[in-house]
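Work through the exercises below with the model open beside you. Try each task before reading its solution.

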Amino acid sequence: MRAMVLGYEGKPLKLVEVAKPVPGPEQILLEVHACGVCRTDLHIADGELVRPKLPLIPGHEIAGRVVEAGIRVEGFHPGDRIGVPWLGKTDGSCRYCKSGKENLCDRPEFTGYTIDGGYAEYAVADYRYCCRLPDTYNFVDVAPLLCAGLIGYRSYRMVGRDCERLGFYGFGAAAHLLAQLAVYEGKKVYAFTRPGDRKAQQFAGSLGACWAGSADEMPPEKLDAAIIFAPVGALVPAALRACAKGGVVVCGGIHMSDIPSFAYDILWEERTLRSVANLTREDAREFFAIAPRVPIKAETVVFPLEGANEALDGVRSGSLEGAAVLKIR
Ligand SMILES: [Zn+2]
Ligand SMILES: [Zn+2]
């Protein structure tokens, strides 16, 4: 099969012919129809996330159809539409797994990082971590929901249900999906973009944001919560400053530049600063139940499989209007 492979960190991916994978007893072989390109793929390719499997097929927003199921697979059949997210496997036995926090598992496997992902014509995945895809989405449109949507959703749930004014710092793949859910749930959305990025600000307005401006501006009203999706540590004190008493700042990315020191008074008055790591299967079940009801619609920029390097460059430069997706079939 054809695959885009990362041979060495810091080097471009290469299009190569590799053997089609064979599913193990608990694995599904799927034909990949579309695979989203996430900022995390960029952090892996650039060597900012340590010790990836090498050579590696990246990609953890895999949407496709079951071709073959291993002998111990239950509930999935050839032809079923499935998604494969970032959380590829957990040990099921550590104290985190046993307390409903499998996202923090001590011995996890991650799709497109420690195990091969979806920048390829076929992939294998442990069936217990695959999701069923809602019928209302085509493969390209559903792919960004599998990470930007799911981890974005986990970040969104951390702001608390009583949050009325919610800010998004970095209005890209994740924020544009979660802003739709926030508006649907009656929240006021404030979008913070790179200074002067009028296009992103207009895009946020078109999705229902009541205010859009630059990340170095203060919103017209103090926020109850802010989610930071941009990998920029300097946004942490900026977001804390924009929050009212009791406000929550959630860092939704897997990698961020250093956070500058800040005065205690912007954390004082019961403001909370936290990160979100990975996702649980419960997050996926909840999100795929609500996404079609909103309905959450991804804005996508489509590339062919061999365009993966171009897609990653687009994510790096922030020049894409929407989420990058490789359309493989
Ligand atoms: Zn575990
Ligand atoms: Zn991701």
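**Exercise 1. How near do the axes of helix H3 and helix H7 come, and at what angle do they cross?**

Some ground rules come before the solution. This is a predicted model, where local features need pLDDT of at least 70, side-chain atom pairs count only at pLDDT 80 or more, and totals for chains, interfaces and linings use all residues. Residues are numbered from 1 along each chain as its sequence is written, while chains are lettered from A and ligands numbered from 1 in the order in which they are written.

Step 1. Find the helices. H3 covers residues 148-157 and H7 covers residues 281-290. Helices (H or I, at least four residues) and strands (E, at least two) are DSSP runs, numbered from the N terminus.

Step 2. Read off the geometry. The two axes come within 9 Å and cross at roughly 100°. Axes are lines fitted to C-alpha atoms, for helices over the stretch in contact, and angles run from 0 to 180 degrees between N-to-C directions.

Step 3. Name the arrangement. Angles under 35 degrees count as roughly parallel, over 145 as roughly antiparallel, 65 to 115 as roughly perpendicular and the rest as oblique.

Step 4. List the contact. H3 supplies Gly149, Leu150, Tyr153 and Arg154, and H7 supplies Asp283, Ala284 and Phe287. Contact means that two C-beta atoms, placed from the backbone, lie within 7 Å.

Step 5. Sort by class. The contact of H3 with H7 has four nonpolar, one polar and two charged residues. Ala, Val, Leu, Ile, Met, Phe, Trp, Tyr, Cys and Pro count as nonpolar, Asp, Glu, Lys and Arg as charged, and the others, Gly among them, as polar.

**Exercise 2. Describe how H3 packs on helix H4 (residues 173-184).**

Step 1. Take angle and distance. H3 and H4 pack at about 55°, with axes 9 Å apart. That angle makes H3 oblique to H4.

Step 2. Find the residues. From H3 come Ala148, Gly149, Ile151, Gly152, Tyr153 and Tyr156. From H4 come Ala173, Ala174, Leu177, Leu178, Leu181 and Ala182.

Step 3. Sort them. The contact of H3 with H4 holds ten nonpolar, two polar and no charged residues.

**Exercise 3. What are the domains, and how many residues of each are in contact with the other?**

Step 1. Domain 1 is 2-147 + 279-327, and domain 2 is 159-275. Such bounds come from an automatic or database domain assignment.

Step 2. Taken over C-alpha atoms, the domain centres are 26 Å apart.

Step 3. Look at the contact. Here 15 residues of domain 1 meet 13 residues of domain 2. On the domain 1 side, helix H1 (residues 39-45) gives the most, with three residues. That side divides into eight nonpolar, three polar and four charged residues.

**Exercise 4. Is helix H6 (residues 235-242) largely enclosed or largely open?**

Step 1. Count. Six of the eight residues of H6 are buried, so H6 is largely enclosed by the rest of the structure. A residue is buried if 20 or more other C-beta atoms lie within 10 Å of its own, exposed if 12 or fewer, and partly exposed in between; C-beta atoms are placed from the backbone.

Step 2. Name them. The buried residues are Leu235, Val236, Ala238, Ala239, Leu240 and Ala242.

Step 3. Find the cover. It includes strands S10 (165-169), S13 (223-228), S14 (243-251) and S15 (272-275).

**Exercise 5. Look for backbone exceptions in the loops.**

Step 1. Recall the rule. Most residues other than glycine have a negative phi, and most peptide bonds are trans.

Step 2. Check the prolines. The bond from leucine 54 to proline 55 is cis, with omega near -10°. Proline 55 sits in the loop between H1 and strand S4 (62-69). The bond from valine 294 to proline 295 is also cis, with omega near -20°. Proline 295 lies in the loop between H7 and strand S16 (300-304).

Step 3. Check phi. Arginine 51 has a positive phi of about 50°. Arginine 51 is in the loop between H1 and S4. Glutamate 270 has a positive phi near 60°, and its loop runs between S14 and S15.

Step 4. Judge exposure. Arginine 51 counts as exposed, because it has 9 C-beta neighbours inside 10 Å. Glutamate 270 is exposed, with 9 other C-beta atoms within 10 Å.
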